[in-house]
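Open the model in your viewer and keep the sequence beside it. This tour tells you what to select at each stop and what to look for there.

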Amino acid sequence: MQTWAERFPDLFGPGYWEWGDLDVRYTVEQPPDELISNVHVVGRTTGGIVVCTNDLGWRFLPGGTREPGETIDELVHRELLEEAGARLTGPLTWLGAHRADHRREAPYRPHLPHPVSYWANYVADVVIEHEPTNPADGEQVTDVLVLPPDEAAAYLDGQPEEVGSIVRLAQAMQLV
């Protein structure tokens with residue numbers, strides 16, 4: 001039987017995110033909570049998976065950067081509301097994370113882990129209740145869509161962070 005890395009070589013292979021000057025590698029091993037700096041959610045809802053687009057044309061799963069003192073649950077609740085107008089309706093299920101080895105001398109924000117952090121992915125049930133709140137200091141979400149998993153993965157293909165492959169991994173693990 002193939003490993004996840006063998007089935008998804010583009011996701012699990014070494015990568016570099018130029019925008020953050022980060023060397024990355026995906027893992028399904030869960031890191032210590034204090035090393036998680038960012039979270040994105042494969043949000044299951046009636047009709048499929050929640051995906052977003054911002055005013056820069058980026059397509060992504062709702063999520064974002066942890067604030068000082070914020071728990072993972074608080075981060076997920078805040079980001080779902082801000083980016084998708086959604087509410088968590090079930091528990092978070094671990095999917096995996098990109099381990100990020102930072103090339104920069106200092107963290108992106110002083111409270112974030114450095115020189116190693118993790119960009120975590122969870123699967124959870126959500127319900128969309130209203131428009132994204134789009135706080136002034138965050139990205140401006142222009143579209144929130146619910147797509148069947150195959151369409152969501154295709155919609156997210158070509159974006160940084162192998163987001164389409166993250167949805168396909170969730171499918172292969174029978175989480176969506």
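This is a predicted model: local features need pLDDT of at least 70, side-chain atom pairs count only at pLDDT 80 or more; totals for chains, interfaces and linings use all residues.

Residues are numbered from 1 along each chain as its sequence is written, and side-chain values use heavy atoms, with hydrogens and water left out.

**Stop 1: helix α3**

Select residues 72-84, which form helix α3. Helices here are DSSP runs of H or I with at least four residues, numbered from the N terminus. Helix α3 has 13 residues and spans 17 Å from its first C-alpha to its last, close to the expected 18 Å. That expected span is 1.5 Å times one less than the number of residues.

Now colour the buried residues of α3: I72, L75, V76, R78, E79, L80, E82, E83 and A84. Buried means under 20% relative accessible area, exposed means over 50%, and partly exposed lies in between (1.4 Å probe, protein chains only). Step just past the helix to G85, which has a positive phi of about 60 degrees.

**Stop 2: E83**

Go back into helix α3 and select E83. A salt bridge is a side-chain nitrogen of Lys or Arg within 4 Å of a carboxyl oxygen of Asp or Glu.

Next, show G63: its backbone nitrogen lies 2.8 Å from a polar atom of the E83 side chain. Leaving aside residues up to four places away in sequence, E83 also touches others, including C52, F60, P132 and V144. Contact means heavy atoms within 4.5 Å.

**Stop 3: salt bridges**

The structure holds 10 salt bridges. Select E70 and R78, whose side chains meet in one of 2.7 Å, N to O. E70 is buried at 12% relative accessible area, and R78 is buried at 19%.

Then select D101 and R99, where the closest N and O atoms are 3.0 Å apart. D101 is partly exposed at 28%, as is R99 at 32%.

Finish with D157 and R168, joined by a salt bridge of 2.8 Å, N to O. This pair links distant parts of the chain: D157 sits in the loop between α4 (149-156) and α5 (163-172), and R168 in helix α5, 11 residues apart.

Notes. Helices (H or I, at least four residues) and strands (E, at least two) are DSSP runs, numbered from the N terminus. A polar contact is a pair of N or O atoms within 3.5 Å; within protein, one must be able to donate a hydrogen and the other to accept it, and residues adjacent in sequence count only if both atoms are side-chain atoms.
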